[in-house]
Amino acid sequence: DGVIWLDGKMVPWREAKVHVLTHTLHYGLGVFEGVRAYSTVNHGTSIFRLQEHTDRLFRSAHILAMDIPYSKEELNEAQLAVVRENKLEEAYLRPMCFYGSEGMGLRADNLKTHVMVASWDWPSYMDPEAKEVGIKIRTSSYTRHHVNITMCKAKANGNYINSILALREALESGCDEALLLDNEGYVAEGSGENFFMVRNGIIYTPELTSCLEGITRDTIFHLAAEHGYEIREKRLTRDEVYVADEAFFTGTAAEVLPIRELDGRQIGSGRRGPITEVLQAAYFDAVQGRNKG
Ligand code: PLP
């Protein structure tokens with residue numbers, strides 16, 4: 001039930017369909033966002049960092065040479081309208097730009113870009129207990145592959161094949177998430193999260209060369225500065241993670257998620273570390289409008 005914004009109109013959920021010859025379904029070229037609306041302390045429901053998500057959607061489309069036939073203001077309004085019309089208090093939003101069924105073949109320069117925004121109630125991505133005790137992860141046999149690295153600033157549909165396979169592999173081996181390395185063997189990110197670790201009071205995270213420019217990652221930079229923690233961006237190796245005091249993932253869906261184990265090695269105390277706890281609490285305050293974030 002509910003409505004989905006599709007090409008400028010609100011369409012009933014069940015009628016928001018595409019044809020089997022949808023270009024993006026065949027070749028995977030499309031861009032999307034994962035956005036979240038939270039119920040806030042003062043002003044009802046609010047979409048967290050809406051403008052930054054819309055800006056990244058436009059940057060992703062620009063990288064893949066897709067023209068979005070709407071303005072940023074129109075897509076901001078579409079996202080607000082979808083949450084409002086579906087009467088959602090807390091919601092996950094999925095804007096996506098895709099090529100339709102107007103043409104097949106790899107020549108994509110003359111295709112029309114369709115845009116949709118769907119939204120649904122998806123309060124907890126992980127078991128709520130995981131936010132306290134942390135998750136178990138494994139190094140993936142899948143890497144952030146080449147195109148995927150050279151174009152990692154795009155949140156693009158086709159970039160998720162290795163993420164899906166990595167997550168599946170992790171779940172099949174009894175873990176909760178995967179840690180993907182880049183082609184040179186340095187830590188890149190999770191299947192849909194940025195990675196952070198703490199050692200001797202300093203926070204480390206991979207540079208933006210092999211991971212998505214996460215909006216939650218950026219929020220953590222602001223919150224860490226507010227709390228007087230130093231963050232260093234650097235190439236990280238697996239063994240640095242094994243001997244870290246703390247580690248956590250960040251993402252719109254995962255929020256701030258402690259990591260207690262990598263490849264069967266306990267990290268730090270084997271539960272949420274103190275700096276992770278401070279940043280996690282600050283993040284929940286920010287999304288709920290208790291501080292600016
Ligand atoms: N890395 C990947 C591959 C992702 O898909 C996501 C999710 O959007 C992230 C990191 C985290 O980004 P954000 O914090 O903007 O949700």
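The structure is a predicted model, in which local features need pLDDT of at least 70, side-chain atom pairs count only at pLDDT 80 or more, and totals for chains, interfaces and linings use all residues. Residues are numbered from 1 along each chain as its sequence is written.

Helix H9 covers residues 274-287; helices (H or I, at least four residues) and strands (E, at least two) are DSSP runs, numbered from the N terminus. Its 14 residues reach 20 Å from the first C-alpha to the last, close to the 20 Å expected at 1.5 Å a residue, where the expected span is 1.5 Å times one less than the number of residues. Thr276, Leu279, Gln280, Ala282, Tyr283, Ala286 and Val287 are the buried residues of H9. A residue is buried if 20 or more other C-beta atoms lie within 10 Å of its own, exposed if 12 or fewer, and partly exposed in between, with C-beta atoms placed from the backbone. Seen down the axis of H9, these buried residues fall within an arc of 165 degrees, so they line one face of the helix; the arc is that of the directions from the helix axis to the C-beta atoms. Among the elements that cover them are helix H7 (215-226), strand E14 (246-251) and strand E15 (255-262). Just after H9, glycine 289 has a positive phi of about 75 degrees.

The largest nonpolar core holds 57 residues, of which Ile137, Phe196, Met197, Val241, Ala247 and Ile259 touch the most other members. Such a core is a set of buried Ala, Val, Leu, Ile, Met, Phe, Trp, Tyr and Cys residues joined through C-beta atoms within 7 Å. H9 gives the most to this core, with five residues.

Strand E15 is mostly covered, with seven of its eight residues buried. Strand E8 (residues 135-143) pairs with E15 in the parallel sense over three bridges; two strands pair if DSSP finds at least two bridges between them. Isoleucine 135 has isoleucine 259 of E15 as its bridge partner. E14 pairs with E15 in the antiparallel sense over four bridges, and a hairpin of three residues joins E14 to E15. Strand E16 (residues 265-266) runs antiparallel to E15, joined by two bridges, and its glutamine 266 is the bridge partner of glutamate 261. E15 and E16 also form a hairpin with two residues between them, and aspartate 263 in this turn has a positive phi of about 50 degrees.

Note on methods. Two residues are in contact if their C-beta atoms, placed from the backbone, lie within 7 Å.
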